[in-house]
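Hello,

Here is the structure I promised to pass on. Please open it beside this email and follow along.

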Amino acid sequence: MVALKFVPFALKQIARRPTRTLLTICGVATAMFLFCAIQSMQQGMKDAAEANAAETTLIVYRENRFCPFTSKLPERYDGRIAAVPGVKSVLPMKIVVSNCRASLDVITFRGVPSDMFVKQAQSQFRILEGSIDDWNRRSDAALIGATMATRRKLKVGDRFDANGVVSIVAAIADSDEAQDKNTAYVHLDFLQRAAAIKSLGIVTEFIVKVNDPKDMESVARKIDAEFAHDTEPTQTRSEKAFVARAAGDLIELVGFTRWLGLGCVFAVLALVANTVVMSVQDRVREHAVLQTLGFTGFLIARLIVLEGAIVSLAGGIVGAGLAVLALRWGGVSLSTEGVNINFSASPQILLTGLLVSLTLGIVAGLVPAWQASRSDIVESFRSV
Amino acid sequence: MSYIECRKLTRAFHKGDTVIKPLRDLDLDIEEGMFLALMGPSGSGKTTLLNLLAGIDTATSGSLKIGGIELTSMPRSRLASWRADTIGYIFQLYNLVPVLTAYENVELPLLLHNYSKKERHAKVSLALDLVGLADRYDHYPRQLSGGQEQRVAIARAIVGDPKIIVADEPTGDLDAAAAAATMAMLKRLNIEFKKTMIMVTHDPKTAAVAQKTLHLEKGQLIENNA
């Protein structure tokens with residue numbers, strides 16, 4: 001640590017080459033912006049996986065179909081699924097997405113039976129605007145997730161037109177479930193009747209809750225056996241497995257972004273180290289003067305590390321701050337095959353960005369600081 | 001026992017296979033409060049001796065005691081603390097920190113001690129008043145003349161109230177008027193404030209201000225004029 005009385009001295013040294021310092025801060029800010037965006041993407045993926053980690057939910061899909069566009073199951077299956085031993089509840093759901101492939105701006109409609117949705121909505125959502133009662137009163141009402149509302153700048157009462165489905169925003173809600181943040185919940189029969197859909201009595205999937213998590217596999221097998229000889233056979237998987245399969249490509253892609261994050265870290269390290277090295281080389285004589293005045297090599301080393309840390313932290317504050325603001329305002333989410341991964345702009349991401357930039361600033365200054373601390377006073381005066 | 005004692009003081013450098021000895025087996029005693037001038041041609045070893053006395057260089061062999069403290073075996077960090085307490089160094093080219101004001105330059109050595117901001121302010125003000133720069137606190141080195149810069153450097157050297165002031169060609173870069181003013185100031189510090197002054201110079205007129213002049217040649221004393 002360096003005593004506070006030396007901080008103004010370090011700040012003056014940083015301001016000595018304003019263009020170089022500013023460019024370094026900009027470079028660090030850019031790298032930390034990317035780093036935080038990648039972190040938020042990874043956090044979003046983790047949230048999506050963890051939110052679906054509760055092993056009591058099964059997803060019943062049309063066999064050999066992987067996209068909401070092609071999975072079509074008769075709604076009447078719900079009674080037969082409910083009769084399977086071990087099943088606690090069945091929720092038929094119609095899913096309509098604007099794009100089945102990976103996209104940053106997918107609109108997902110989920111059509112659900114009104115009575116069942118109203119019962120579970122109280123515990124599932126935190127209503128930010130509007131009410132569930134309003135949603136229940138209007139047949140064309142939509143309850144939309146907070147992320148989608150932010151991204152599409154929607155308010156309660158707004159008319160909302162997507163994928164040929166025209167609905168009215170009755171409520172905006174937040175939820176702990178990653179999927180809910182970027183979804184519009186509408187009445188099942190409304191979605192089935194919607195002009196562009198025309199699929200009355202048809203749903204995309206059934207969400208099945210089982211009594212005992214241990215019975216997940218056996219219940220899934222029994223459900224698939226029940227419909228094995230029907231015209232629309234089913235494939236039942238745990239929700240976690242379903243998300244993992246649907247978002248498999250994205251998981252791989254997000255996994256790859258770790259390397260990009262690491263690249264950002266090295267870019268910051270190289271940038272700050274380069275600036276600190278140049279700054280130290282500029283001041284060989286000055287450091288010799290400071291040593292002559294009685295500054296120890298260790299104190300000079302700490303001042304150099306402090307300079308690197310301040311520059312890097314300044315870049316981190318700008319970059320991480322902008323990343324979090326942009327993600328918050330933009331409400332960015334990545335969707336594929338109806339599975340949403342929200343870019344999480346949490347305070348933890350900001351804190352991580354700041355800590356990483358501070359640490360990198362300190363590390364970047366270590367070698368030039370050590371060199372400066374070991375320099376011989378007389379040699380330094382002779383060399384310049 | 002003298003305040004400063006050099007016994008068989010030698011400084012050697014290796015340049016390839018050749019050993020260069022700018023200072024060899026030097027014996028020297030300097031009394032406390034003395035104003036000493038070191039003269040000699042280039043390469044005679046006078047700056048090397050000054051650097052050893054200031055504790056910014058270490059002898060290859062021999063003994064150097066200042067105030068009874070042996071400097072030749074002192075570790076780097078302790079030597080730095082000793083310099084902060086004992087030495088005020090005046091350079092030929094002033095060596096002020098360009099991004100700091102006159103006030104901040106003078107304050108620098110005080111940051112190494114546990115003075116409060118108020119105490120530092122009092123000491124810096126006193127030092128700048130003493131060198132006649134009370135109206136230049138906020139000026140940066142680039143806004144000062146050479147003579148004024150050297151006066152700031154002198155204020156920086158004396159602000160910590162060191163026992164010894166060493167000066168390496170303090171008038172070497174100044175015009176005649178500024179040089180005379182600088183020497184008058186150094187003389188005053190010696191007479192009024194009892195500072196031990198050791199100065200390297202090429203100029204006999206400057207050396208004449210000192211109480212004693214030593215001549216060096218090839219790393220050895222050749223003459224001793226009282």
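**A buried pair in chain B**

B:E107 is buried, with a relative accessible area of 12%. Keep in mind throughout that this is a predicted model. B:E107 forms a salt bridge with B:R120. The closest N and O atoms of that pair are 2.9 Å apart. The bridge links distant parts of the chain. B:E107 sits in helix α3 (residues 102-107) of chain B, and B:R120 sits in helix α4 (residues 117-130) of chain B. The two are 13 residues apart.

**Where the chains meet**

Now look at the two chains together. In all, 24 residues of chain A are in contact with 27 residues of chain B. Between them, chain A and chain B bury about 2,300 Å². Of that area, 63% is on carbon and sulfur atoms. Which residues of chain A lose the most area to chain B? They are A:K5, A:K12 and A:L293. Together these three account for 28% of what the chain A side buries.

A:K12 turns up again. A:K12 forms a salt bridge with B:E104, with the closest N and O atoms 2.8 Å apart. How many salt bridges does the rule find across the interface of chain A and chain B? It finds one. Polar contacts were counted too: there are eight residue pairs in polar contact between chain A and chain B, both residues being at pLDDT 80 or more.

Next, see which helices of chain A take part. Four of them each supply at least two residues of the side that touches chain B:

- α1 (7-14)
- α11 (284-293)
- α13 (347-374)
- α14 (377-383)

α11(A) gives the most to that side, with seven residues. By class, the side of chain A that touches chain B has 10 nonpolar, seven polar and seven charged residues.

**The layout of chain A**

Chain A is assigned two stretches of its own. Domain 1 covers 4-49 + 249-383, and domain 2 covers 64-232. Their centres, taken over C-alpha atoms, are 44 Å apart.

**Salt bridges inside chain A**

Over all chains, a search of the whole structure finds 21 salt bridges. Start with A:E307 and A:R283. Their closest N and O atoms are 2.6 Å apart, and they form a salt bridge. A:E307 lies in helix α12 (residues 297-330) of chain A, while A:R283 lies in the loop between α10 (248-282) and α11 of chain A, so the pair ties together parts that are 24 residues apart in sequence. Both A:E307 and A:R283 are buried.

Another bridge joins A:K181 to A:D174, with the closest N and O atoms 3.5 Å apart. Here A:K181 has 22% relative accessibility, which is between the 20% and 50% limits, so A:K181 counts as partly exposed.

There is a network as well: A:R17, A:R20 and A:D282 are linked by salt bridges.

**One leucine to look at**

Find A:L313 in helix α12 of chain A. A:L313 is partly exposed, with a relative accessible area of 26%. What is A:L313 in contact with, leaving aside its neighbours within four places in sequence? The answer is A:L354, A:S357 and A:L358. By contrast, take A:Y77. A:L313 and A:Y77 are 236 residues apart in sequence, and their C-alpha atoms are 58 Å apart in space.

**Two positive phi angles in chain B**

Phi of B:K8 is near 45 degrees, a positive value in a residue other than glycine. B:K8 is found in strand β1 (residues 4-15) of chain B. B:K8 is exposed, with a relative accessible area of 53%.

B:N95 also has a positive phi, near 55 degrees, and it is a residue other than glycine. B:N95 lies in the loop between β6 (87-90) and α3 of chain B. Buried or exposed: what does B:N95 count as? At 9% relative accessibility, B:N95 counts as buried.

Best wishes

Definitions and conventions: Residues are numbered from 1 along each chain as its sequence is written. Chains are lettered from A and ligands numbered from 1 in the order in which they are written. This is a predicted model: local features need pLDDT of at least 70, side-chain atom pairs count only at pLDDT 80 or more; totals for chains, interfaces and linings use all residues. Side-chain values use heavy atoms; hydrogens and water are left out. Contact means heavy atoms within 4.5 Å. Buried area is the accessible area (1.4 Å probe) that two parts lose on being put together, summed over both. A salt bridge is a side-chain nitrogen of Lys or Arg within 4 Å of a carboxyl oxygen of Asp or Glu. A polar contact is a pair of N or O atoms within 3.5 Å; within protein, one must be able to donate a hydrogen and the other to accept it, and residues adjacent in sequence count only if both atoms are side-chain atoms. Helices (H or I, at least four residues) and strands (E, at least two) are DSSP runs, numbered from the N terminus. Ala, Val, Leu, Ile, Met, Phe, Trp, Tyr, Cys and Pro count as nonpolar, Asp, Glu, Lys and Arg as charged, and the others, Gly among them, as polar. Domain bounds come from an automatic or database domain assignment. Buried means under 20% relative accessible area, exposed over 50%, partly exposed in between (1.4 Å probe, protein chains only).
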